[in-house]
Amino acid sequence: MAPWLTVVGIGEDGFNGLGKQARRALLGASRIFGSPRQLALLPRCVVGERLLWPTPFSLAPVLAQRGEPVCVLASGDPMFFGVGASLARQVPASEMRVLSMPSSCALAAARLGWPLQDVQVVSVVARPLAALNAHLHSGTRLFVLSNDGDSPAAIAAQLCERGFGPSRLRVFEHLGGTDEREVAGTAQDWPHTQVAALNLVAIECLAAPDAPRLPQVAGLPDSAFLHDGQLTKRDVRAITLARLAPLPGELLWDVGAGCGSIGIEWMRAHPACRALAIEADAGRQGFIEHNRDALGVPGLQLVRGKAPEALAGLEQPDAVFIGGGVTREGVLDLCWQRLRPGGRLVANAVTLQSELALAHFRERHGGELTRIHVAHAQPLGTFDTWRQALPITLLDVVKPLDA
């Protein structure tokens, strides 16, 4: 089928800034979808029916026009955090043309002299602002695609809360148009309350001297998590995550999640990693909700309930971690049954009973058992001695591809 859908990236310079292909597509379209601001950029000579996106947002009205000459307007590059990417998941490439303009990030990089490949981009358009927290490292440059005119002040406040008050912010309004404007300041002294709804925030991250260091490798400090003691400790957590081996796009079940530390660090490994935290205790559920936002992975999904009952109907996982409940009847077997072929199951045991359950499971399904001993130097009178933490038995097993 010939392309019936054309996605047109349009800048602040409007119809006159478009290329011939884009102008020709708009002039020949029977229907044109876009936001009020985008549709207002079109001149009278564009006679196709102008249609606003529905609330809540849905692509259904566009998809219902399949076969008709339809245009969709997008800001800048439609395939960069834009509606073009959403449409591409539902419309075959052979049926859709995408005509791009420079993205707001490309324009901002040109204004600042920042190599775009060295800048991390975060969108908070209809997304939790907490997602920004995973990217805060001193020396990092960020572009944040704002949700509205309140976003820059909210971003400044969040930077201060996370210990990045000295960070430098530059906000660009209406990039590429006649109303383009730049305002600047530090997060801790952000003076600008009136900012246009269409804006992009450029951040040079600078940590305050007392800001916590949160590395991107597995094994965050235990102090980074709010918890009641039900926490996979730092050294064991790093070993556990190495065995879980997160890959982009994979889904983890964190069964008996406690404060959520394993699922959170799994998701911090790559922006496309996903996790379900299954936890029955109401207090620990609150810890998970706090920790996922504080550490920048608000997309972690909390499943309230006790395994194995709470596992019913969940999406099939690529990896499973069982931090609690291995002795509960049916938990290990159901997790193994639901695990994708080729997936990894890792379970930790502290008690003799849970260790025995892992040994019996290994007899049936194979895998590797590892005993982890960690000791810390602590005072003994005027000297220091080693204080041994409880040993951990770790089971690591890969499900056969033909299982």
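I began with the second largest pocket of this predicted model, and I noted that about 900 Å³ of space lies in it. Of the 42 residues that line this pocket, I listed Gln230, Leu231, Thr232, Gly323 and Val350 as the closest to its centre.

I then looked up which elements supply the lining of the second largest pocket, and I found that H7, strand E11 (251-255), H8, strand E12 (274-279) and strand E15 (344-349) each give at least two residues. H7 contributes the most to this lining, with three residues. Sorted by class, the lining of the second largest pocket holds 17 nonpolar, 15 polar and ten charged residues.

I recorded the crossing of H7 and H8 as right-handed. On the H7 side I found Arg237, Thr240, Leu241 and Leu244, which meet Ser261, Ile262, Glu265 and Trp266 in H8; the residues of this contact divide into four nonpolar, two polar and two charged.

Last, I looked up the largest pocket, in which about 1,500 Å³ of space lies. Its lining comprises 44 residues, and Gln38, Ser75, Phe81, Gly82 and Val125 lie nearest its centre. Among the elements that each supply at least two residues of this lining, I noted helix H2 (36-39), strand E4 (70-75) and helix H5 (104-112). The lining of the largest pocket divides into 22 nonpolar, 16 polar and six charged residues.

Note on methods: Residues numbered from 1 in each chain as written. Predicted model: local features only at pLDDT ≥ 70, side-chain atom pairs only at ≥ 80, totals over all residues. Heavy atoms only, no water. Left-handed = near helix turned anticlockwise from the far one by under 90°. Helix = DSSP H or I, 4+ residues; strand = E, 2+ residues; numbered from the N terminus. Contact = heavy atoms within 4.5 Å. Nonpolar A, V, L, I, M, F, W, Y, C, P; charged D, E, K, R; others polar. 1 Å grid on protein atoms, 1.4 Å probe; cavity = no way out; pocket = protein on both sides within 12 Å on 5 of 7 lines; lining within 4 Å. Points joined across faces, edges and corners; volume = space filled by probe spheres on them.
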